[in-house]
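Here is a short report on one protein chain. Take a look at the sequence and the fold before reading on.

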Amino acid sequence: MRKLFVLSLLLLACLSAFAEPGARKEERRAQKDSIKAAEMIGAHRKGTKIKLDGIVLAPEQQALLLSDIDGIDYNKDWAGFAKQRRLGNGLTIGGSVFVGVGAAAEVVALGYVVVGALVAVLTVGQADMNEVMKPAGYFAAGGMASAAVGAGLMAFGIPIRVKADKKMKTTCEGYNNATERVEKEIIFGGTNSGVGIAFNF
């Protein structure tokens, strides 16, 4: 009887050990689903646009949403944030291109060094190494300069983009928490051609 009791306890411990990872996985999945559900409700930034209740707004709808957040028109501010974001993206992409070119130049310089070493070995030091090593030096210096310029551009671009993203997110949160704002029914108002904005005179 005692052996049966111990065996039952061991079996339960094994089952709980196997069940735990599955339970954690389900918990993580539920957490992700709740985050996705939260992102579907209210205004959220999507690139330089706004997604309201999971629908990306047309420019006219976005302008209407931004026109009155607690009595303030944020259209001009949003346009400035979008411009900053594009600048940050441009600097970051340009910087990564310069870094890539610099890395390629360093690989070419290394290739010259390897070829120079092979030539020196094969000619037992009789070949003119300047002809091989001079281009290696040019490529190495150019590669380092290009990588430095790229790193500098990225160092400026990434913070500009992150700052713009934060300001856009803050604006969306301001709409979500505002006591005075344009109602969703007006933004998603029905028209003869479907969902949109209608101006009747």
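In what sense do β2 and strand β3 pair, and over how many bridges? β2 and β3 (residues 55–56) run antiparallel, joined by two bridges.

## Basis of the model

This is a predicted model: local features need pLDDT of at least 70, side-chain atom pairs count only at pLDDT 80 or more, and totals for chains, interfaces and linings use all residues. Residues are numbered from 1 along each chain as its sequence is written, and side-chain values use heavy atoms, with hydrogens and water left out.

## Overall layout

The protein chain has five helices and five strands. Helices (H or I, at least four residues) and strands (E, at least two) are DSSP runs, numbered from the N terminus. Their order along the sequence is α-β-β-β-α-α-α-α-β-β.

The chain has 201 residues, and 19% of them count as buried. Buried means under 20% relative accessible area, with a 1.4 Å probe and protein chains only. The chain exposes about 14000 Å² by the Shrake-Rupley method with a 1.4 Å probe. Carbon and sulfur atoms supply 66% of that area. A contact means heavy atoms within 4.5 Å. Among contacts between residues at least 6 apart in sequence, 65% join residues at least 24 apart.

Strand β1 (residues 43–46) runs antiparallel to β2, with four bridges between them. Two strands pair if DSSP finds at least two bridges between them. His44 has Lys51 as its bridge partner in β2. Lys51 in turn partners Val56 in β3.

β1 and β2 have two residues between them, and Gly47 in the turn has a positive phi of about 65 degrees. The hairpin of β2 and β3 also has two residues between the strands; there Asp53 takes a positive phi near 50 degrees.

Side chains alternate along β2. Ile50 and Leu52 point to one face and are buried.

## The nonpolar core

A nonpolar core is a set of buried Ala, Val, Leu, Ile, Met, Phe, Trp, Tyr and Cys residues joined through side-chain atoms within 4.5 Å. The largest one has 16 residues; Ala43, Ile50, Leu52, Leu65, Tyr175 and Ile187 have the most contacts inside it. β2 (49–52), α2 (59–66), α3 (75–122) and α4 (130–177) each give two or more residues to this core.

Leaving aside residues up to four places away in sequence, Ile50 touches Ala43, Leu65, Trp78 and Cys172, among others.

## Thr171 in α4

Thr171 lies in helix α4. Thr171 is buried, with a relative accessible area of 9%. Beyond residues up to four places away in sequence, Thr171 touches Leu66, Ile69, Tyr74, Trp78 and Phe81.

Technical notes: Buried < 20%, exposed > 50% of the residue type's maximum accessible area, 1.4 Å probe, protein only.
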